[in-house]
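Please read each point with the structure in view.

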Amino acid sequence: MHRLAIRPYLEIAGQPSHEDLVAIRDEGFTAVVNLRRPDEPDQPIDPSTEGSQVHALGMDYLSVPIGGEPLGESQVKAVCAFLDQHTGGKVLLHCKQGGRAAAIALIHLAQAEQWPEDEVIDRAAAIGVPLPPPLRAMIESYFAR
């Protein structure tokens with residue numbers, strides 16, 4: 001699983017395995033957010049099973065299925081509220097390959113740190129978040145609403 005630290009309390013990643021979940025728990029992570037839909041292909045762990053594994057490891061878990069554009073306001077608010085509740089620990093935010101996780105993480109940072117909406121793309125590049133065109137479009141369309 002490839003991970004990218006966005007802030008000391010927040011990392012984004014692709015799909016973790018059970019072994020990855022054990023490793024992040026051992027590194028001090030306190031919570032996991034899964035953005036994958038239950039019906040997505042290529043899931044070694046479905047969201048329900050992952051939730052059971054995460055809880056058994058003593059971490060908090062949130063599953064918010066996101067399928068891409070457009071990002072739903074209720075979905076974004078649910079994830080952002082969960083992240084706000086866990087800033088004292090470390091949270092892993094993941095999807096299949098990390099793109100949706102990056103979009104939500106950037107929206108969270110933009111709101112929490114009061115970034116001007118027209119600077120989100122530039123600030124993403126500055127902190128090392130790759131922004132392929134679909135991800136860039138997802139973020140821009142969210143803020144355009």
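1. Basis of the note. This is a predicted model, in which local features need pLDDT of at least 70 and side-chain atom pairs count only at pLDDT 80 or more, while totals for chains, interfaces and linings use all residues. Residues are numbered from 1 along each chain as its sequence is written, and side-chain values use heavy atoms, with hydrogens and water left out.

2. Helices (H or I, at least four residues) and strands (E, at least two) are DSSP runs, numbered from the N terminus. Contact means heavy atoms within 4.5 Å.

3. Buried means under 20% relative accessible area, exposed over 50%, and partly exposed in between (1.4 Å probe, protein chains only).

4. The ends of helix 2. At its start, a side-chain oxygen of aspartate 46 reaches to within 3.0 Å of the backbone nitrogen of serine 48. After helix 2 comes glycine 58, which has a positive phi, near 85 degrees.

5. Strand 5 and its partners. Strand 2 runs parallel to strand 5 and is joined to it by 4 bridges; two strands pair if DSSP finds at least two bridges between them. Strand 3 also runs parallel to strand 5, with 5 bridges joining the two. As examples, leucine 10 has valine 91 of strand 5 as its bridge partner, and asparagine 34 has histidine 94 of strand 5.

6. The largest nonpolar core. A nonpolar core is a set of buried Ala, Val, Leu, Ile, Met, Phe, Trp, Tyr and Cys residues joined through side-chain atoms within 4.5 Å. The largest one here has 39 residues, of which Val33, Leu35, Val79, Leu93 and Ile139 touch the most other members. At least two residues each are supplied by several elements, including strand 2 (10–13), strand 3 (29–34), helix 3 (73–85) and strand 5 (90–94). Helix 4 provides the largest share of this core, 9 residues. A second, separate core of 10 residues includes Ala13, Phe29, Leu57 and Tyr61. In soluble globular proteins, nonpolar side chains tend to be buried together.

7. Glutamate 40. This residue lies in the loop between strand 3 and helix 2, and at 9% relative accessibility it counts as buried. Its side chain makes a polar contact with the side chain of arginine 100 (2.7 Å). A polar contact is a pair of N or O atoms within 3.5 Å; within protein, one must be able to donate a hydrogen and the other to accept it, and residues adjacent in sequence count only if both atoms are side-chain atoms. Not counting residues up to four places away in sequence, glutamate 40 touches Leu35, Ile66, Lys96 and Arg100.

8. Histidine 108. This residue is found in helix 4 and is buried, with a relative accessible area of 1%. Not counting residues up to four places away in sequence, histidine 108 touches Tyr9, Leu10, Cys80, Leu83 and Asp84.

9. The aromatic pair. A search of the whole structure finds 1 aromatic pair. The rings of tyrosine 142 and phenylalanine 143 have centres 5.4 Å apart and planes at 80 degrees, so the pair is edge-to-face. Rings of Phe, Tyr and Trp (its six-membered ring) pair if their centres lie within 6.5 Å; planes under 30 degrees apart count as stacked, over 60 as edge-to-face and the rest as tilted. Tyrosine 142 is buried at 6%, and phenylalanine 143 counts as buried at 15% relative accessibility.
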